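Try each one before reading its solution.

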Amino acid sequence: MPWSFAEHITDYMSRPRLGNQKHPTLWPSEATAIIKEGETEEVIGKCRRSRFFRYLYDCYHYDTEKYSHYKNLIDQIDREKEPTDPYLRWIWKQGDLYEEYCLQTAKESGVYIADQNQVYIPKYNVSGKIDIVTINPETGKYKIVECKSVYGFNANIVLGTPSQRKRGEMGVPKTNYLMQLGLYQWWYANKDDNFEDSLILCGARDTGRFAEFGLTVEKNEETGLNHIYWYPHFPHSGPKVDSKITIESILSCYKDTQDSLDSGIIPEKDYVLQYSDEKIKTLYETGKLNKSDTARVKKRLEQIEQNRTRINKQLEKGDWQCNFCNYKNICFDKQKQPKEVTY
């Protein structure tokens, strides 16, 4: 086959990075939190088992002797881990280009202070990098700016639909954006009086639309915990919203991962690849399915109620976190049923 430029650069993006291996850390981009509402709890963000697998794999190859008792599980990960989709690597690269675009514009416009500032929380072995630090020319204070690119239909969730924008409204920032920047604000900016609120800039690669959100981390008087707050900032402004996400919950989930590694107790998965019949029925009854899925479930329930001999197949639906997880074949069999994971 003749040489292909597209194939060449796709292979280049997937090549192993050379150099001395760094001590493994946990990442702000894979944060998890638990939001409590009365008696119910909701897990948001990265699946703790998925994060454990990634962290374990890095730790094993950094210090094989120390973690040699995990060899069987490491071998299983090598056999069953799904490779990253090459198209996803192109998406990541486009995200890098959006960040680079914002960085260069910050320099050209005279508000650039720094970029890629290292943030390390030693007690929890969490390490990340701040995209950009800018100066607010109106106040002389510094701001952390995280740049996130979005695209396609789901971009409307963050940017706001066209009708929302006409009403002067925007969407809602993703929870993983809030947790990542929340950690930076709490650990880095809140400790320095020269810093003020941080910003999340979300831009659409396909339409050019953008939405900027402000973010603060403040102690909530009712709970006594550090809550992450956000608010619409530009092109439309709005009131501050309590995300209900606490720094304490994020850090506790990181501690769970380290404790699991040290104890040898593999964490339970936080999501499922295929919902149970009861879960799908609940989603249907609470109006949380899209239009086509709602119609399909409604038809099936009617057939069951009418004692039909032929009943439509159950809706195949699960958490997107599992569908896009590289480790799903370790947690689930080909029938999407949970597998026991041991080492």
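The exercises below come with worked solutions. The model is predicted, so to speak: local features need pLDDT of at least 70, side-chain atom pairs count only at pLDDT 80 or more, and totals for chains, interfaces and linings use all residues. Residues are numbered from 1 along each chain as its sequence is written, and side-chain values use heavy atoms, with hydrogens and water left out.

**Exercise 1.** Work out which strands pair with strand 5, and in which sense.

- Start with the terms: strands are DSSP runs of E with at least two residues, helices are H or I runs of at least four, both numbered from the N terminus. Two strands pair if DSSP finds at least two bridges between them.
- Strand 4 (residues 126-135) runs antiparallel to strand 5, with four bridges; Ile135 sits opposite Tyr142.
- Strand 6 (residues 198-204) is parallel to strand 5 over six bridges, and Val150 faces Ala204 there.

**Exercise 2.** Classify the ring pair Phe53 and Tyr327.

- Rings of Phe, Tyr and Trp (its six-membered ring) pair if their centres lie within 6.5 Å; planes under 30 degrees apart are stacked, over 60 edge-to-face, the rest tilted.
- Phe53 is in helix 2 (residues 48-62) and Tyr327 in the loop between helix 11 (320-323) and helix 12 (328-331), 274 residues apart.
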